[in-house]
Amino acid sequence: MPNARTLVEKVWAEHVVVPETAAAPAVLYIDLHLIHEVTTPQAFALLRERGLPVRRPDLTLATMDHSTPTTPVTSLRDIDVVSESAANQIRQMVRNCRDFGIDLLGFGSEQRGIVHVIGPELGASQPGKTIVCGDSHTSTHGAFGALAFGIGTTEVGHVLATQCLLQREPRSLAVNVSGHLPAGVTAKDLILAIIREIGVDGGTGHVIEYRGEAVRALDMEARMTICNMSIEAGARAGLIGPDDTTIEYLAGRPRVPQGVAWDAAVSRWRGLRSDEDAEFDRSVAIDASQLQPMVTFGTNPGMVVGIDEPVPDLSDASFRKALEYMQVTPGKPMSENPVDVVFVGSCTNGRLSDLQQAADILRGRTIADGVRMLVVPGSQQVKQRAEELGLHRIFTGAGAEWRESGCSMCLGMNGDTVASGQLSVSTSNRNFEGRQGIGARTVLASPATAAASAVMGRVADPRGLK
Amino acid sequence: MDALISLQSRTVVLPTRDIDTDQIIPARFLTTTSREGLGDALFHDLRYDQDGAVRAEFPLNDPATRDCEILVAGNNFGCGSSREHAPWALVDYGFRAVISTEFADIFRNNALKNGLLPIVVDADTHDWLIAHPGAELGINVEASSLELPDGRIIEYPIDAFARYCLTRGIDQLGYLQQQSAAVATFEETRSWKP
Ligand code: SF4
């Protein structure tokens, strides 16, 4: 079939306002613009300077998540934030949204949360949409078969003012995952294995489509975990073709089309998949059945080992520097390393099923002496659901802290940080030097591995604790 | 944005690969609501230790590099977050070009929108540049070329539109605004509405 197209090509073609030429990129229409307090102030300032309105406030959705405290806030007057500048940023967000007519899910909203958790939760993230946000993990929304990618603040200004972006069509990378994940091995372990395979720059210039029976078998929250970390492989975006799982997840959510419009949307969504003979620029194959729980050992998300495997040894200077920073010994497994902090949360693993996986390990157990464990739900709705199920009591009963939603220790800009030299097992997505605090050493893992590590006081295999 | 037509400068070299945006500017400096003044935070935790003392071994702390406008970095520079604070900090510090073998997509886009030129060179040229910190280079943006001290001229790839905007100091918002009639037509005629 000569006209066979990939899913990305289909979504792209539906949004081209002005086609790309050698001299200029395409003008691409954006269906959903998510914004948060950290990457927007300078964009709104530009709009004010030029006297421009927001073209489509109705396609713009705002929340506050990055610099917000995870201790309870009832009014803006008592925001207990790390610094005066963080408080100022939060106040500006409120003012900008009010002045430009944008719906803000701020403090006091039961729908507030991490931007990549609430978009799906509210049903705003839908198949076939173009979705952007001034945040690299916008790739999360690709789990719905949307073309979703992160942009910089200048581009946030472009979308606010024109609802469009200048873009060149991306290349495509198929990641075919065969087999089934063994018991105790999760989506987080799979994506860490995929990043190890592709490398942290292997996806540069590409959009990844995750395919194959192992991907089809995942629920939506697990698919979001996978697509979320596409950027950690350097990709511009990652997506998964919509199917019954996608449609069942979206049904009844507040921001999906209603009535006949829903039926029309569903029939349109069913046509959104890569054609059988579609050609990808590149492809990679992974066998899910061979995987075990995965952890990172270095300072980028591609430095990954199985929980049983020894840390590799390379003479490369950057590799050496990473091991030295992490205080990790080559040739030994990560499970020998004592743990100081455990963080369960973030847009990678802060959803209800993630908290359930951690709670399943912690039920009837306590965390080891000297370990601090922080559980931060991805949104206020996740928090509420978890409390209805009594998960918070499992966490606090085990000795963990239970917080309000936000990015928290994922990037440590709200005051939730890991102290210098401490080792943190974290369910977030980045283990860069200093990401969780100056001198903090981060090991990325699944919620189950994180919880098991809290119990054992060292990096631990959750399969031993079932 | 200031136009960037040509550049003559010595280089400062950071050989580490995969320098992420958290290294370029740590998250705790992102609570600012301005684009200015971020040069002080550039590579903060590499430039200073935890007590705030200068790490003498870090190349940017060598006073002789202070007026260098070209940064040579290891492979895959600028990976990680979408924070435009990274190019803002580099520009505020005084850099106008970064040379590597590869850049993360969002960083490259952000850099070009702020008059910071990301230059991709082949591995051999890169090895030479890494081995010769302080080399005096000439960059001709219109010709997309780089002149090494021995007179060798190396062409580098750059998107034609990005080069056009860079050499004329054009910001792309104006260009997008000119398309507003096409956008309105698109909104009215598309087969489904978001
Ligand atoms: S949870 Fe972490 S990765 Fe996700 S949006 Fe927040 S800071 Fe970014």
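Of the 194 residues of chain B, 55% count as buried (under 20% relative accessible area, with exposed meaning over 50% and partly exposed in between, for a 1.4 Å probe and protein chains only). The model is predicted, so local features need pLDDT of at least 70 and side-chain atom pairs count only at pLDDT 80 or more, whereas totals for chains, interfaces and linings use all residues. Residues are numbered from 1 along each chain as its sequence is written, chains are lettered from A and ligands numbered from 1 in the order in which they are written, and side-chain values use heavy atoms, with hydrogens and water left out.

Chain B contains eight helices and seven strands (DSSP runs numbered from the N terminus, helices being H or I of at least four residues and strands E of at least two). Along the principal axes, the C-alpha atoms of chain B fill a box of roughly 60 × 45 × 25 Å. Contacts (heavy atoms within 4.5 Å) in chain B between residues at least 6 apart in sequence join residues at least 24 apart in 64% of cases.

Helix 8 of chain B (residues 180-189) has Val183(B), Phe186(B) and Glu187(B) as buried residues. Viewed down the helix axis, the buried residues of helix 8 of chain B fall within an arc of 95 degrees and so line one face of the helix; the arc is that of the directions from the helix axis to the C-beta atoms. Exposed residues Ala181(B), Glu188(B) and Thr189(B) are carried on the face of helix 8 of chain B turned away from its buried side. The packing partners of the buried residues of this helix belong to chain A: strand 1 (16-18), strand 2 (26-29), helix 5 (153-162) and strand 8 (164-167).

Helix 5 of chain A also packs with helix 2 of chain A, their axes coming within 8 Å and crossing at roughly 50 degrees. Axes are lines fitted to C-alpha atoms, for helices over the stretch in contact, and angles run from 0 to 180 degrees between N-to-C directions. Helix 2 and helix 5 of chain A are therefore oblique to each other; angles under 35 degrees count as roughly parallel, over 145 as roughly antiparallel, 65 to 115 as roughly perpendicular and the rest as oblique. The crossing of helix 2 and helix 5 of chain A is right-handed (the near helix is turned clockwise from the far one by less than a right angle, anticlockwise being left-handed). From helix 2 of chain A, Gln42(A), Ala43(A), Phe44(A) and Leu47(A) meet Thr153(A), Val156(A), Gly157(A), Leu160(A) and Ala161(A) of helix 5 of chain A. This contact of helix 2 with helix 5 of chain A comprises six nonpolar, three polar and no charged residues, where Ala, Val, Leu, Ile, Met, Phe, Trp, Tyr, Cys and Pro count as nonpolar, Asp, Glu, Lys and Arg as charged, and the others, Gly among them, as polar.

Helix 2 (residues 41-50) and helix 3 (residues 84-100) of chain A pack at an angle of about 40 degrees, with axes 10 Å apart. These two helices of chain A, helix 2 and helix 3, are therefore oblique to each other, and helix 2 passes helix 3 in a left-handed crossing. Helix 2 of chain A contributes Pro41(A), Phe44(A), Leu47(A) and Arg48(A) to the contact, and helix 3 of chain A contributes Gln89(A), Gln92(A), Arg95(A), Asn96(A), Asp99(A) and Phe100(A). The residues of this contact between helix 2 and helix 3 of chain A divide into four nonpolar, three polar and three charged.

Helix 16 of chain A (residues 447-456) is mostly covered, nine of its ten residues being buried. Among the buried residues of helix 16 of chain A are Pro447(A), Thr449(A), Ser453(A) and Val455(A). The buried residues of helix 16 pack against strand 13 (294-296), strand 15 (341-344), helix 12 (346-349), helix 13 (352-362), strand 16 (372-375) and strand 18 (423-426) of chain A. Gly457(A), which follows helix 16 of chain A, has a positive phi near 75 degrees.

Positive phi values also occur at two serines. Ser408(A), not a glycine, has a positive phi of about 50 degrees; Ser408(A) is found in the loop between strand 17 (401-402) and strand 18 of chain A and is buried, with a relative accessible area of 0%. Ser144(B), in the loop between strand 5 (136-140) and strand 6 (145-147) of chain B, has a positive phi near 50 degrees. Ser144(B) counts as buried at 6% relative accessibility.

Glu121(A) lies in helix 4 (residues 115-121) of chain A and counts as buried at 9% relative accessibility. Not counting residues up to four places away in sequence, Glu121(A) touches Tyr249(A), Arg253(A), Pro254(A), Ser379(A), Gln381(A) and Val382(A).
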